[in-house]
Amino acid sequence: MVKKKVIVATATDSTANALYEYANFINDNTHMRAYPSVDNEAVFFPVDRYDLKWLKSVLLEKGYNIKIKDALD
């Protein structure tokens with residue numbers, strides 16, 4: 001069984017607002033969930049491996065540092 005993953009994206013002070021806006025865009029326009037967090041972070045919940053790959057590439061392209069972690073059940 002494949003473990004579900006989450007992506008934690010970290011922004012700088014100057015790009016944090018854009019990251020929060022992107023998290024809201026994901027919530028409003030896709031089937032995935034994303035939540036702004038504290039300390040210039042946002043947590044993204046991809047539905048499957050295709051979403052994970054796509055989100056990873058987009059977030060890296062936008063210049064954010066990311067960590068992919070196992071989701072808690």
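The tour goes from the sheet to the helices, then to the core and one loop.

**Before starting**

This is a predicted model, in which local features need pLDDT of at least 70 and side-chain atom pairs count only at pLDDT 80 or more, while totals for chains, interfaces and linings use all residues. Residues are numbered from 1 along each chain as its sequence is written, and side-chain values use heavy atoms, with hydrogens and water left out.

**Stop 1: the sheet**

Select the four strands, which form an open antiparallel sheet in the order E2-E3-E1-E4. Helices (H or I, at least four residues) and strands (E, at least two) are DSSP runs numbered from the N terminus, and two strands pair if DSSP finds at least two bridges between them. Strand E2 (33-36) and strand E4 (65-70) each have a single partner strand and stand at the edges, so one side of each has no neighbour in the sheet. From one strand to the next, the twist averages 20°; axes are lines fitted to C-alpha atoms, for helices over the stretch in contact, and angles run from 0 to 180 degrees between N-to-C directions.

Next, select E2 together with strand E3 (residues 41-45): four bridges join these antiparallel strands. Within this pair, Tyr 35 stands opposite Val 43 in E3.

**Stop 2: the helices on the sheet**

Select helix H1 (residues 16-29), which packs on the sheet and touches strand E1 (5-10), E2 and E3. Contact means heavy atoms within 4.5 Å. The direction of H1 makes about 20° with that of E3.

Helix H2 (residues 49-61) also packs on the sheet, where it touches E1, E3 and E4, and its direction makes about 5° with that of E1.

Which residues of H2 are buried? They are Asp 51, Leu 52, Leu 55, Val 58 and Leu 59; buried means under 20% relative accessible area, exposed over 50%, and partly exposed in between (1.4 Å probe, protein chains only).

**Stop 3: the nonpolar core**

Select Leu 19, Tyr 22, Ile 26, Phe 44, Leu 55 and Leu 59, which touch the most other members of the largest nonpolar core, a set of 17 residues. Such a core consists of buried Ala, Val, Leu, Ile, Met, Phe, Trp, Tyr and Cys residues joined through side-chain atoms within 4.5 Å. E1, H1, E3 and H2 are the elements that give two or more residues to this core, and H1 gives the most, with five.

Centre the view on Leu 19. Not counting residues up to four places away in sequence, its contacts include Ala 9, Asn 40, Phe 44, Leu 59 and Tyr 64.

**Stop 4: the loop between E2 and E3**

Select Val 38, located in this loop and exposed, with a relative accessible area of 59%. Asp 39 is found in the loop as well and counts as exposed at 65% relative accessibility. Asp 39 is not a glycine, although it has a positive phi of about 60°.

Leaving aside neighbours within four places in sequence, the contacts of Asn 40 include Thr 10, Thr 12, Asp 13, Leu 19 and Tyr 20.
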